[in-house]
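Subject: A structure for you to explore

Hi there,

Here is the structure I promised to pass on to you. Have a look around it first, and then read my notes below.

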Amino acid sequence: FNIRVTKDYIGFALHNRLFCLVFVQKQGLRVALPLKGEIESDRFGGWPADERWGYLKVTSDEEIDEELLEWIKLAYRKVMEG
């Protein structure tokens, strides 16, 4: 995968398709994944105007856990499969 760094986010892409965006904010990180409607968790919400992308907020190291890593892997596999 490739890493794209912009003034707004750090993006992770495979074949020019983003599968994870990390927005650095004052209160922590916002991690966005193209898995809206596919993850059943109170941690993961969606942007009302976007039918594919949802996000979660990370405010402590403990929130970077196995569940989050599995979601990132799922988003990677989804992009890899096309």
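This is a predicted model: local features need pLDDT of at least 70, side-chain atom pairs count only at pLDDT 80 or more; totals for chains, interfaces and linings use all residues.

- E1 and E2 run antiparallel and are joined by four bridges. Val5 stands opposite Ile10 in E2, and a hairpin of four residues connects E1 to E2.
- E2 and E3 are also an antiparallel pair, with five bridges. Here Ala13 has Leu18 in E3 as its bridge partner.
- E3, which covers residues 17–25, pairs with E4 in the antiparallel sense through five bridges. Val24 has Leu29 in E4 as its bridge partner, and the hairpin that joins E3 to E4 passes through two residues.
- E4 pairs with E6 (residues 54–58), again antiparallel and over five bridges. The bridge partner of Leu33 is Gly54 in E6.

**The aromatic rings**

How many aromatic pairs does a search of the whole structure find? It finds eight. One of them is formed by Phe23 and Trp47, whose ring centres are 6.4 Å apart and whose planes meet at 85°, so this pair is edge-to-face. Phe23 belongs to strand E3, while Trp47 sits in the loop between strand E5 (45–46) and E6, so the pair ties together parts that are 24 residues apart in sequence.

Trp47 also has a second ring partner to look at, Tyr55. The centres of the Trp47 and Tyr55 rings are 5.1 Å apart and their planes are at 35°, so that pair is tilted. Is Trp47 buried, exposed or partly exposed? With a relative accessible area of 25%, Trp47 is partly exposed.

Tyr55 has a charged neighbour as well: the charged end of Arg30 sits over the Tyr55 ring, 4.1 Å from its centre. Elsewhere, ring pairs link Phe1, Phe12, Phe19 and Tyr76 into a cluster.

Which residues make the nonpolar surface patch of about 360 Å²? Phe1, Ile3 and Val5 do. Ile3 lies in strand E1, which runs over residues 2–5. The relative accessible area of Ile3 is 52%, so Ile3 counts as exposed.

**Two loops to visit**

Now go to the loop between strand E2 (10–14) and E3, where you will find His15. Asn16 lies in this loop between E2 and E3 too. Most residues other than glycine have a negative phi. His15, however, has a positive phi near 55°, and the phi of Asn16 is positive as well, near 65°. Are these residues buried or exposed? His15 counts as exposed because its relative accessibility is 63%, and Asn16 counts as exposed at 63%.

The other loop is the one between E5 and E6, where Glu51 is found. Glu51 has a relative accessibility of 72%, so Glu51 counts as exposed.

Enjoy exploring, and write back with any questions.

Best wishes

Note on methods:
Residues are numbered from 1 along each chain as its sequence is written. Side-chain values use heavy atoms; hydrogens and water are left out. Patches are made of residues with over 30% relative accessible area and no salt bridge: like charges are joined within 9 Å, nonpolar side chains (Val, Leu, Ile, Met, Phe, Trp, Tyr) within 5 Å. Accessible areas come from the Shrake-Rupley method with a 1.4 Å probe; for residues, only the protein chains shown count as cover. A salt bridge is a side-chain nitrogen of Lys or Arg within 4 Å of a carboxyl oxygen of Asp or Glu. Buried means under 20% relative accessible area, exposed over 50%, partly exposed in between (1.4 Å probe, protein chains only). Two strands pair if DSSP finds at least two bridges between them. Rings of Phe, Tyr and Trp (its six-membered ring) pair if their centres lie within 6.5 Å; planes under 30 degrees apart count as stacked, over 60 as edge-to-face and the rest as tilted. A charge sits over a ring if NZ of Lys or CZ of Arg is within 6 Å of the ring centre and within 35 degrees of the ring normal.
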